[in-house]
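Good morning, and thank you for making time for this presentation. I shall describe a metal site and then several helix contacts. Please look at the structure as I speak.

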Amino acid sequence: MDAPTPLLKSVFGFDQFRPGQQEIVEAVTAGRDVLAIMPTGGGKSLCYQLPALMRDGLTVVISPLIALMRDQVAGLREAGVEAGALSSANDPTETDRVLDALESGRLQLLYLAPERLANPGAQALLVRAGVTLLAVDEAHCVSQWGHDFRPDYLRIGDLREALGGVQTTAFTATADEGTRAEIMRRLFPDPPEVFLRGFDRPNLRLAFEPKNAPQSRIISFVKRRHGQSGIIYCASRKKTEALAAALSREGVDAVAYHAGLDPETRSDRQDRFARADGVVMTATIAFGMGVDKPDIRFVIHADLPKTVESYYQEIGRAGRDGLPADTLTLYGIDDIKLRRRQIDDSNAPQERRRADHQRLNALLAIAEAPACRRQSLLAYFGETRGEPCGNCDLCDTPPERYDGTERVQKALSAIVRTGERFGVEHLTNVLRGELTERVSQRGHDRLPTFGCGSELEKGPWRDVFQQSYALGHTAISETGSWSVTESGWEVLRGKAKVMLRKEKSTPKRAAQTRREITDPADAELFDALRALRTKLAKARGVPAYVIFPDATLHDMVARKPDTLDAMAQCSGVGAKKLASFGSDFLEVFTGEMPEPPHPARQQLATGPGGALFDALLATHATLTRGPDGLDKYLTLQKTTLAEVARQRPQSIQALARIRGMGDQKAERFGPAFLTVIQAAEE
Ligand code: ADP
Ligand code: ZN
C-alpha cells in the first residue's frame, strides 16, 4: 500500500496516517494477528476500523468502555459506516436495529461489551454472523495482575476458537513487559506480530512547579484558558469540591467528580464534561478510564501523582486530537509525605512497597530534573531522546542554578541540632529565628542555628528543604520528622557541593500554545464554527467532537473554504460528513447556503475526481449541439459524467462502454473528453 487507501479520506476525512498506523493497517489487511501498543491518542481505533471497511464480513470489537463505544459508533454512523453496539446501555429499539443489520449481513462493525461474552446466545449469534476479524480494545484488561482486570476478557480466547480461530488483533496503551506477555499468552495461540509505538506525546507541554499559593495559581492558569476543557486532578474528594467551588466563583464552568458521589450525579457530570465545550472537571483519579474526549486542552495535577505511570496516564488524557495541550503538576513536601504514607499504609507486600517508593522517587527525579523534562520522562520508559524537546518548562526557561551548599548545610544542621524529630514548619522557624511557643518550650532559641537563616523568607526555606529532599540529602519519617541521610552528611561535612534551582519568583507565563488563534477575525470564525457544531451536536444528541473535532475546525479556519470542494480538503471532512454538514459549515465562510450540488458530483468531492467532473461538465455543455452548434441535440446524465470522472477511460471504446454513454455519444463527446482526462492526469 503506497498511497493510503481512499477510504482514509472518504470515510474518516484524514489525508495521512498518523505515525505507526499504516504498518498496523497493512499487517491487519494482510490477515496477520497483531498486538499493537500505542500511546493514548495515537489513533488505535483507526487501525481496526479501516481494515474492517476494507474487507467483507463482520468485525467484532470488544471494548470495556461503554461510553466510548457509543461515541465511536455514533461517529462511524455519522461517517456513513454500518456500525452498532451491544451493551447494557442499549435501549430495545437500538438492539433491534443492530440485530437486524447483523442478520441481514449489512453490519460492518459490531462493538461488544465483554459481559456479553458470558451469554451463550451471543456466541452463537456471532458464529452465524460470519465474523472475519476480532479486535480487542484495552487488551490489558485480560491481565489478572493489572489494575483494570476484567474477568470476562478471559472468554475471548474461547470466542476466537468458536469462530474457527478467526484473525485477532489486540490494542492497548499499557506497555510494561509483564502485561504484554500475558496478553500474548491469553489472546493468541501463536505469537502475533507486535507493534510497539513510541511513548512520546510531543503535543503535550510538560511543566512542574513547587506549590506556592496553589489555589490562585490554578485559578489564573484556568482563567487564561477560557473556554477550554480541562481536568484538575486532586488527591482528595474534599479538595475537588473546594476547588470546583472556587473556580465557579471566578466564572469558570467547573464541576467536581469523585467516587463519593452517587452514580447518577457522576454520570451526569461525566456526560456534561464530554459533550459541552469548555467544562473544567476537578476530579480524583476515579475520573479516568473511559475519558475519551479528544479535545481536553489541559490537565493539572493540583497534588503530586503517585507514580510516573499514573502521572503519564493522567496527563495523557489531554490533547488526544494531536493539538497542543498543556499540563502542569504542582508539588510540595506535604504531597511527598502523603504519598510515602499511602505506600507505607497499604497492605501490599514489602517488596511491592519498596518498588512503589522507587517509582515515587522516579517521579520526584522528573520533578527536580536538571534539564529537559521529556528526556527524563522518556528515559524512565526506556526511550532515549537525543535533543531537548523544546516543549517543556525547563526547555522554555532553563532554571537558574546557584551554589546552595551553604543553605543546605544550614537546613541540615537545623535538623541535626533539633534531634531529627521535627517537621519543616518548626525547622524553618528555628532557622529564621522566630520565637514561637514551641521554639521556646524546647529551648531551640538557644541553639547556634537559631536565626542563622533570617536572610530568607519562609517560602524559600521550604523550597530548600524540598530540594534537599528530592536530591536525597534528607529523609522524612512516617510521623513527618526530618532526618539527614548519608549523602546529607557528606554535604554537612563539606565534602559535597549542592547546586540548587532558583525558586521561580512569579510563575512563568506558559508559552503560547502554538495552535492559538491570534487574528481576532479568525477567533470569531472559530467561535462561529464551534457554535454551529454545538447546535448540530445537540440536535443529534451526540458529543460535539463527533460532528467535527477541534482539529477540523482549526483547519477550516486556516483554509477558509469557499466551495464544498475546498471544504472537502479540510482534515477530518469525509464524504458522508461533507454531505451532512458541509453546507452548514460553508455558510459560516460564505454567508450563504450553497446550491446543493448534484449527489453524483458531491460523492466525487472528496476525491481527485471532483475537478475532473467539473471540467467534463463544462466541456459537455459546449458540445450538446456538436462542435459547430449545428448537430443533433445530445446530452449526458450527471451520473454518467461522474462515472467517466471515476473511470478515466483512455480510449473512445472504453468510454463507449460506460453506462449511459453508447457509441453515438462517445463519438460526439469522446475526443474532447479524452483530452480533458489526459490533462487531469498531468
Ligand atoms: P486511541 O489510540 O487513544 O484509541 P483514537 O483512536 O481515539 O486514539 O484517536 C485519537 C484521535 O486521533 C481521534 O480524535 C481521531 O479522530 C484522531 N485520528 C486518528 N487517526 C488520525 C489520522 N490519521 N489523522 C488525523 N487524526 C487522526
Ligand atoms: Zn524539554
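Along the chain, the donors of the zinc ion (ligand 2) are spaced as C-x16-C-x2-C-x2-C; donors here are N, O and S atoms within 2.8 Å of the metal (3.2 Å for Na, K and Ca), and sites may look incomplete because water is not among the atoms. This is a predicted model, in which local features need pLDDT of at least 70 and side-chain atom pairs count only at pLDDT 80 or more, while totals for chains, interfaces and linings use all residues. Residues are numbered from 1 along each chain as its sequence is written, chains are lettered from A and ligands numbered from 1 in the order in which they are written, and side-chain values use heavy atoms, leaving out hydrogens and water.

Which atoms coordinate the zinc ion (ligand 2)? They are the SG atoms of Cys-372, Cys-389, Cys-392 and Cys-395, at 2.3 to 2.4 Å. The angles subtended by the four donor atoms are 101 to 119°, which makes the arrangement tetrahedral; for four donors, that term requires all angles to lie between 85 and 135 degrees.

I turn now to the helices, which are DSSP runs (H or I, at least four residues) numbered from the N terminus. The axes of H17 (residues 405–417) and H20 come within 10 Å and cross at roughly 85°. Axes are lines fitted to C-alpha atoms, for helices over the stretch in contact, with angles from 0 to 180 degrees between N-to-C directions. H17 is therefore roughly perpendicular to H20, a label for angles of 65 to 115 degrees, whereas under 35 counts as roughly parallel, over 145 as roughly antiparallel and the rest as oblique. Arg-407, Val-408, Lys-410, Ala-411 and Ile-415 of H17 meet Trp-461, Val-464, Phe-465 and Ser-468 of H20, where contact means heavy atoms within 4.5 Å.

H20 (residues 458–470) also has a partner in H18 (residues 424–432): their axes come within 10 Å and cross at roughly 120°. This makes H18 oblique to H20. Among the residues in that contact are Leu-427 and Leu-431 of H18, with Trp-461 and Phe-465 of H20.

Finally, H28 (residues 609–623) and H31 (residues 662–681) have axes that come within 10 Å and cross at roughly 150°. The two are therefore roughly antiparallel. On the H28 side, the contact includes Leu-612 and Leu-616; on the H31 side, it includes Phe-669 and Phe-673.

Note on methods: Four donors count as tetrahedral if all angles lie between 85 and 135 degrees; four count as square planar and six as octahedral if opposite donors are over 155 degrees apart and all others between 65 and 115; anything else is irregular.
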